[in-house]
Amino acid sequence: MSNERVAEASRLAGQVLDEVERAVVGKREALTLVLAAILAKGHVLLEDFPGLGKTLAARSFAQALGLDFRRAQFTPDLLPADLTGSYLYDQRRGEFEFRRGPIFTGLLLADEINRTPPKTQSALLEAMQEHQVTVEGETFPLLEPFHVLATANPIEYEGTYPLPEAQLDRFLLRVSFGYPSSAEEYDVLVRRLDRRREEIVLDRVTDAAGLLEIQAATETVQVDPSVGRYCVELATATREHADVLTGSSPRGSLGLVLTARAFAVLRGRDYVVPEDVKAVARAVLAHRITVRPELWMTEASGRRVVDEVLRTVPTPTTLEGAARG
Ligand SMILES: Nc1ncnc2c1ncn2[C@@H]1O[C@H](COP(=O)(O)OP(=O)(O)OP(=O)(O)O)[C@@H](O)[C@H]1O
Ligand SMILES: [Mg+2]
């Protein structure tokens, strides 16, 4: 690889994944996507059933990346101030003091975000977008880096508040872990029994400053014009699909190119190929697509639309830019 910075970022990111996989069994694809989102400075929505290792994965990433970790449970009574923090009166000093909430951390696990009402959801999403919170007219910057892994149950049961599309769009990726194979599930049991305790302590591979450098290195990965145009064509095609009410916004095509670039780093390359785009397209685009309401009881879904546009939009066969040996 010609780009030394990317080579180093790639090496460290590979170590982070290996470390996380010491704790999380058999989720390489999903874990790779989560890490790609982090390299691309994004936030991830983990949509899954309970007990599939989401908390374990979040905690493991925080440990391996050397980030401060907090978890916030999004209960129906969680208030924006419970997340952002608020002014408390300090008796001794006789003045109000800002007490920082759990959002002031490196990696925030926002658990079950669809159980909390929209007001608190939007406080989180605003902070994600702007990397700052405003309380009583005063603005506080969040830590850098700051990443959110939010979990949501895929079944909308009574008393939940599904995120509106405009909010979903703020997540770079939506990822599902899914159930393990029975061999993997057995491996989870064996590892737990061998360990003789619940928790696993992972080695830290880097720290906050190190992650910022990995993210900066990711910014230097080359994107051929043909690949950039491919991202735009995929996003546009989701808008033109017959099943679709609203397709991906330009934020989707941007997310596609940024995630593909991070994915290239994880694959040990300092340039993006169309296969990187294909590998991340479902996770980047599916949650940004709303299918027509009359199709809600059918098989039509954002995921299926993405699969179809991947089949129909022609893949660029050669990179137009600098020749690659
Ligand atoms: N793929 C896996 N690899 C290793 N351990 C796993 C895996 N899946 C589940 N476990 C184990 O199962 C238990 C539940 O995992 P965890 O708490 O991370 O689930 P969760 O997805 O966060 O669940 P919930 O939605 O209820 O919060 C933990 O003890 C965890 O170690
Ligand atoms: Mg959990």
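This is a predicted model: local features need pLDDT of at least 70, side-chain atom pairs count only at pLDDT 80 or more; totals for chains, interfaces and linings use all residues.
Reader: OK. And where is Glu219 in the fold?

Author: Glu219 is in the loop between α8 (208-218) and α9 (225-240). Its C-alpha atom is separated by 17 Å from that of Val280, which is 61 residues apart from Glu219 along the chain.

Reader: What about Glu126, which helix has that one?

Author: Glu126 is part of helix α5, residues 118-130. There are 16 C-beta neighbours inside 10 Å, so Glu126 counts as partly exposed. Between the C-alpha atoms of Glu126 and Leu256 there are 21 Å, and the two residues are 130 apart along the chain.

Reader: Switching to the ligand. Which residues are closest to ligand 1?

Author: Pro50, Gly53, Lys54, Thr55 and Leu56 are the closest, out of 13 residues that surround ligand 1.

Reader: Which helix gives the largest share of that shell?

Author: Helix α3, residues 54-65, with 3 residues of the shell around ligand 1.

Reader: And how do the shell residues divide into nonpolar, polar and charged?

Author: Around ligand 1 there are 7 nonpolar, 4 polar and 2 charged residues.

Reader: Now the sheet. What's the strand order?

Author: The order is β2-β5-β8-β1-β9, an open sheet of 5 strands with parallel pairing. β2 (69-73) and β9 (173-175) are at the edges with a single partner strand each, so one side of each has no neighbour in the sheet. From one strand to the next, the twist averages 20°.

Reader: Start at the β2 end. How many bridges does β2 make with β5?

Author: 5 bridges, in the parallel sense, with β5 covering residues 107-111. Phe69 is opposite Leu107 in β5.

Reader: And what holds β1 on either side?

Author: On one side, β1 pairs with β8 in the parallel sense over 4 bridges, and Leu45 is opposite Ala150 in β8. With β9, β1 has 3 bridges, and these two strands also run parallel. There, Leu46 has Val175 in β9 as its bridge partner.

Reader: Which strands does helix α2 lie across?

Author: Helix α2 (residues 28-39) lies across β1 (44-47), β8 (147-152) and β9, and runs at about 160° to β9.

Reader: There's also a hairpin, I think. Which strands form it?

Author: β6 and β7, with 2 residues between them. Strand β6 is residues 132-135 and strand β7 is residues 138-141; they pair in the antiparallel sense over 4 bridges. Val133 is opposite Phe140 in β7.

Reader: What's the phi of Glu136 in the turn?

Author: Positive, at about 50°.

Reader: Where else do I find a positive phi in a residue other than glycine?

Author: His131 is one of them, with phi near 55°. That residue is in the loop between α5 and β6, and it is partly exposed because 13 other C-beta atoms lie within 10 Å. Arg196 is another, with phi near 65°. Arg196 is in the loop between α7 (182-195) and α8, and with 6 other C-beta atoms within 10 Å it is exposed.

Reader: And Glu144 to Pro145: is that peptide bond cis or trans?

Author: Cis, with omega near -5°. Pro145 is in the loop between β7 and β8.

Reader: Last topic, the annotation. Which residues does the UniProt domain cover?

Author: Residues 237-307, which the unreviewed UniProt entry annotates as "domain: ChlI/MoxR AAA lid". In the model, the end C-alpha atoms of that span lie 11 Å apart.

Reader: How much of residues 237-307 is helix, and how much strand?

Author: The span is 55% helix and 7% strand.

Definitions and conventions: Residues are numbered from 1 along each chain as its sequence is written. Chains are lettered from A and ligands numbered from 1 in the order in which they are written. A residue is near a molecule or strand if its C-beta atom, placed from the backbone, lies within 6 Å of it. Ala, Val, Leu, Ile, Met, Phe, Trp, Tyr, Cys and Pro count as nonpolar, Asp, Glu, Lys and Arg as charged, and the others, Gly among them, as polar. UniProt positions are given in the numbering used here, feature names are shortened, and annotations may be inferred rather than shown by experiment. Two strands pair if DSSP finds at least two bridges between them. Axes are lines fitted to C-alpha atoms, for helices over the stretch in contact, and angles run from 0 to 180 degrees between N-to-C directions. Two residues are in contact if their C-beta atoms, placed from the backbone, lie within 7 Å. A residue is buried if 20 or more other C-beta atoms lie within 10 Å of its own, exposed if 12 or fewer, and partly exposed in between; C-beta atoms are placed from the backbone.
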